[in-house]
Amino acid sequence: MRSIAILVVASVTVVGSSLAQVSKEITAAFLEQRSSAFSDIALQIWEYAEVGYLEERSSALLRSELQRAGFSVETGVAGIPTAFVATYGSGSPVIALLAEFDALPGISQAAVPHRQPLAEGAPGHACGHHLFGTASTAAGIAVRTWLDQSNRSGTIRVYGTPAEEGGGGKIYMVRAGLFDDVDVVLHWHPSDRNDASPATSLANKSAKFRFRGYSAHAAGAPERGRSALDGVEAMNHMVNLMREHVPEETRIHYVITSGGSAPNVVPDFAEVYYYVRNPSAAIVLQLFDRVVAAAEGAAMGTGTEVDYEVIHGLYSMLPNTTLGEVMDANLRQLGGVEYDRDNRAFAKAIYATLNDPDLPLGSERDIQPFEETMAGGSTDVGDVSWVVPTVGLGTATWVPGTAAHSWQAVAAGGTGIGTKAMMLAAKALAATAIDLLADPGIIKRATAEFDARRGPGFVYRSLVGDRPPPLDYRR
């Protein structure tokens with residue numbers, strides 16, 4: 001009740017603005033008042049640092065916050081124990097917010113501006129998903145309060161989406177039809193800059209290739225052995241030769257995850273983990289088939305056997321300029337991130353550790369130009385964007401020039417630098433949701449653009465086929 005009273009008081013202090021603008025300013029004030037509580041939630045998830053499909057405490061914390069705010073919460077959706085859908089309101093339009101919360105393995109770091117793991121080899125939030133999930137939850141609660149106060153019809157949903165980092169949680173949620181009745185999806189991502197430009201990304205299919213041979217003494221009876229590691233190395237050599245003969249935008253990466261234990265033992269098992277990327281999902285499938293053929297040829301040539309397990313397959317992001325312009329306008333209205341004295345000192349120390357930063361200190365206050373861009377990575381938000389109009393933004397949760405998946409990102413994400421920018425994202429998400437709920441014309445125009453970009457006759461087919469979620473991929 002206290003927050004409702006604040007909204008009523010605030011509503012009479014804003015003069016000369018449109019109703020939607022008044023609503024957005026009131027909602028921003030509501031979020032600002034609760035920033036300390038939401039920051040505590042984010043930092044708790046930062047401390048949990050749970051990896052994909054194992055985010056039990058992180059998921060539970062966000063679910064409980066949404067339940068306290070009056071959302072009905074369905075857990076364990078799409079066969080994933082840590083996935084959830086939280087819903088408030090009724091009727092159309094249905095606006096969804098994505099909330100991620102998984103950490104990355106092996107990048108533990110204290111919230112200090114020098115390399116200091118909390119525990120060697122432990123996980124850390126080097127992509128800022130502790131901030132991601134919390135900001136989306138905060139925005140959902142703010143929009144829920146606005147729906148109540150404005151007596152509007154409409155539905156706000158928060159989707160708890162696990163295992164973005166290589167596990168592809170959203171793929172299985174899309175495949176299960178959980179977005180089929182959604183009108184627009186909103187998301188965001190931690191970054192080193194403030195930017196609401198519509199961005200595309202690379203489609204991606206990954207798999208673990210497992211070779212099996214025969215062990216033997218490498219000196220005493222090498223003729224009896226068939227090295228599984230030879231199979232892996234032969235495969236890698238052939239794929240590396242492939243690189244000359246693939247479309248220019250293609251990216252192929254691999255890591256040998258198992259290669260034997262001792263030089264004097266011919267290894268009877270070896271495993272290599274591959275990513276194959278291209279802007280086009282169709283081209284990714286073609287390239288992936290060529291990688292599989294290389295694996296089969298390597299097995300034949302080395303006298304070993306090979307099988308593979310698809311781990312994930314992601315579509316590229318489908319941009320939506322109509323929605324991007326709305327998000328960009330709201331971000332510019334809110335402005336960038338303002339550091340206090342402690343933030344500036346921390347940022348200056350972090351900046352000195354960065355390798356060739358491409359932004360100067362102080363740019364956290366800026367909003368980047370609005371232009372369609374290509375991101376170099378991949379995300380399972382891509383699959384969502386091909387089934388429902390989707391828009392996102394990034395805010396400067398990290399010191400300008402910081403790379404994602406770095407210890408510097410973990411460090412800043414555990415401080416006020418991260419949580420200030422998190423609240424900026426929450427305000428921009430909430431403001432955009434209010435625009436969509438208040439003006440159905442935006443959704444109509446965004447849907448027309450969405451249909452045009454997908455092209456006639458598009459049918460979504462998951463790149464992972466019918467495989468179940470890889471719930472043990474981080475174990």
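This is a short tour of a predicted model, with something to select at each stop.

**Stop 1**

Start by selecting residues 129–150, which make up helix H5. Two packed helices are described by the angle between their axes and the distance between the axes.

Next, show the side chains where the two helices meet. On the H3 side, pick Phe38, Ile41, Ala42, Ile45 and Trp46. On the H5 side, pick His130, Leu131, Thr134, Ala138 and Ile141.

**Stop 2: Ser136**

Stay in H5 and click on Ser136. Is Ser136 buried or exposed? Ser136 has a relative accessibility of 0%, so it counts as buried. Follow the side chain of Ser136 and you'll find that it reaches the backbone oxygen of Leu98 at 2.6 Å. Then bring up what Ser136 touches, skipping residues up to four places away in sequence: Leu97, Leu98, Ala99, Val158, Trp188 and Leu429.

**Stop 3: Thr137**

Now select Thr137, also found in helix H5. With a relative accessible area of 1%, Thr137 is buried. Which backbone oxygen does the side chain of Thr137 reach? The one on Gly133, at 2.9 Å. Leaving out residues up to four places away in sequence, Thr137 touches Leu62, Glu65, Leu66 and Val158. Draw a C-alpha to C-alpha line from Thr137 to Val158: the two are 21 residues apart in sequence and 6.6 Å apart in space.

**Stop 4**

Most residues other than glycine have a negative phi, and most peptide bonds are trans.

Pick Asn151, in the loop between H5 and strand E4 (154–160). Asn151 has a positive phi of about 55° although it is not a glycine. At 71% relative accessibility, Asn151 counts as exposed.

Go on to Ala163, in the loop between E4 and helix H6 (169–175). Phi of Ala163 is near 55°, a positive value in a residue other than glycine. Ala163, though, has 0% relative accessibility and counts as buried.

Then jump to Pro93, in the loop between strand E2 (84–90) and strand E3 (94–99). What kind of peptide bond joins Ser92 and Pro93? It is a cis bond, with omega about -5°.

**Stop 4: Asn343**

For the last stop, select residues 341–351 to show helix H10, then click on Asn343 inside it. Asn343 counts as buried because its relative accessibility is 7%, and buried means under 20%. Show its contacts, leaving aside neighbours within four places in sequence: Asn343 is in contact with Glu338, Gly416, Ile417 and Lys420.

Key: Residues are numbered from 1 along each chain as its sequence is written. This is a predicted model: local features need pLDDT of at least 70, side-chain atom pairs count only at pLDDT 80 or more; totals for chains, interfaces and linings use all residues. Side-chain values use heavy atoms; hydrogens and water are left out. Helices (H or I, at least four residues) and strands (E, at least two) are DSSP runs, numbered from the N terminus. Buried means under 20% relative accessible area, exposed over 50%, partly exposed in between (1.4 Å probe, protein chains only). Contact means heavy atoms within 4.5 Å. A polar contact is a pair of N or O atoms within 3.5 Å; within protein, one must be able to donate a hydrogen and the other to accept it, and residues adjacent in sequence count only if both atoms are side-chain atoms.
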